[in-house]
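Work through the exercises below with the sequence and the 3D view open. Try each task before you read its solution.

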Amino acid sequence: MERPELPLPQLHAFVVLAEELHFGRAATRLGIAQPPLSQQIRRLEDKVGHALFSREPGRIALTPAGRELLPAARQALISVTDGLAAAREVGGGRAGRLRIGFAASLALTVLPGLLRSFREGFPSVRLDIREMTTVPQLTALREGTIDIGLLREPPVGDTELGFATVLTERFVAVLPSAHPLAAQRAVRVEQLAGSPFVLLPRAVGPPLYDRITDLCTAAGFTPHVVQHAVEWQTVCALVETGLGVSLAPESIRRIRLKGVAFRRIEPGTARTRVAVAWRKNDPNPLVTRLLTLLDDGPPDSSKER
């Protein structure tokens with residue numbers, strides 16, 4: 001970028017004099033003596049190569065060159081003032097853009113309350129919300145295409161990313177309404193051993209997939225997975241058709257399908273962890289703002305430890 005030809009103080013002096021059309025009043029507004037004002041105007045005219053004011057005894061007026069320069073000079077001063085204000089807002093974490101990736105199931109738990117609280121606290125921040133499964137979120141965070149991730153079962157030992165637990169959830173059994181186990185109020189995991197399973201693909205969230213299969217292994221069997229689906233909504237829809245059963249986070253109960261029954265599982269100590277993720281070296285103050293909001297407690301959720 002080329003060096004600007006016209007210093008801002010000269011433009012400011014020119015605009016004030018153009019408004020006052022009187023050197024004494026303009027100098028008073030600018031808080032300087034009249035001779036320095038005259039010098040600034042003369043330097044500006046030298047830059048332009050033409051007189052900007054006609055000077056007659058007791059009267060000054062804008063020349064055609066001065067009238068041409070005035071709108072651009074005013075706009076330049078306004079742009080710089082607005083730019084400085086915007087920079088201060090962004091630098092102070094009160095404005096700007098925050099890109100958030102989230103697992104679809106979190107739209108049923110922490111996400112709505114979090115976004116509502118953040119928008120109320122920082123209405124000038126533009127939120128860019130992107131639905132993503134866990135592995136794409138982790139990639140996007142490392143590549144810098146999102147700033148915050150909300151995901152399940154974060155990896156352990158990551159050196160680039162930070163993670164903090166937002167909440168934990170129990171697991172539930174997802175059954176076709178006609179399944180014999182749907183008549184029970186609770187289901188032991190081992191009772192699902194003879195049923196085909198519908199699960200998320202391991203590739204989109206290895207820790208959560210392993211968490212579910214470990215529950216089955218602890219109950220004495222390996223789940224027979226007959227179908228994968230990327231979203232829990234689709235998992236539930238496939239369960240409704242009778243294709244199989246599933247184990248899912250408890251918030252999936254909020255997916256209302258007439259042909260699906262959700263039953264708590266026993267033992268009821270198993271939990272799935274929901275976490276917020278961010279780049280450890282991210283200088284964006286909006287990331288800190290959101291992390292602070294979450295640290296005060298996830299809105300509209302019950303935070304279990």
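**Exercise 1. Which residues is Glu169 in contact with, leaving aside its neighbours within four places in sequence?**

Step 1. Apply the rule: contact means heavy atoms within 4.5 Å. Glu169 is then in contact with Thr109, Arg152, Pro249, Glu250, Ser251, Ala270, Arg271, Thr272 and Val274.

Step 2. Know your source. This is a predicted model, where local features need pLDDT of at least 70, side-chain atom pairs count only at pLDDT 80 or more, and totals for chains, interfaces and linings use all residues. Residues are numbered from 1 along each chain as its sequence is written, and side-chain values use heavy atoms, with hydrogens and water left out.

Step 3. Glu169 is in strand E6 (residues 161–176). Helices (H or I, at least four residues) and strands (E, at least two) are DSSP runs, numbered from the N terminus.

Step 4. Glu169 has a relative accessible area of 8% and is buried. Buried means under 20% relative accessible area, exposed over 50%, partly exposed in between (1.4 Å probe, protein chains only).

Step 5. Look at the side chain. The side chain of Glu169 reaches the backbone nitrogen of Ser251 at 2.6 Å.

**Exercise 2. Find the buried residues of helix H9 (residues 285–295) and say where they point.**

Step 1. Leu286, Val287, Leu290 and Leu294 are buried.

Step 2. These residues lie on the same side of H9, because they cover an arc of only 105 degrees around the axis. The arc is that of the directions from the helix axis to the C-beta atoms.

Step 3. Recall the helix rule. An α-helix has 3.6 residues a turn, so residues three or four places apart point the same way.

Step 4. Name the partners. The buried residues of H9 pack against elements including helix H5 (110–121), E6 and strand E12 (271–279).

**Exercise 3. How many aromatic pairs does a search of the whole structure find?**

Step 1. The search finds three. Rings of Phe, Tyr and Trp (its six-membered ring) pair if their centres lie within 6.5 Å; planes under 30 degrees apart count as stacked, over 60 as edge-to-face and the rest as tilted.

Step 2. Take Phe118 and Phe122. Their pair is tilted, at 4.9 Å centre to centre with 45 degrees between the planes. Both residues are buried.

Step 3. Take Phe197 and Phe221. This pair is tilted too, with 6.3 Å centre to centre and 40 degrees between the planes.

How values were computed. A polar contact is a pair of N or O atoms within 3.5 Å; within protein, one must be able to donate a hydrogen and the other to accept it, and residues adjacent in sequence count only if both atoms are side-chain atoms.
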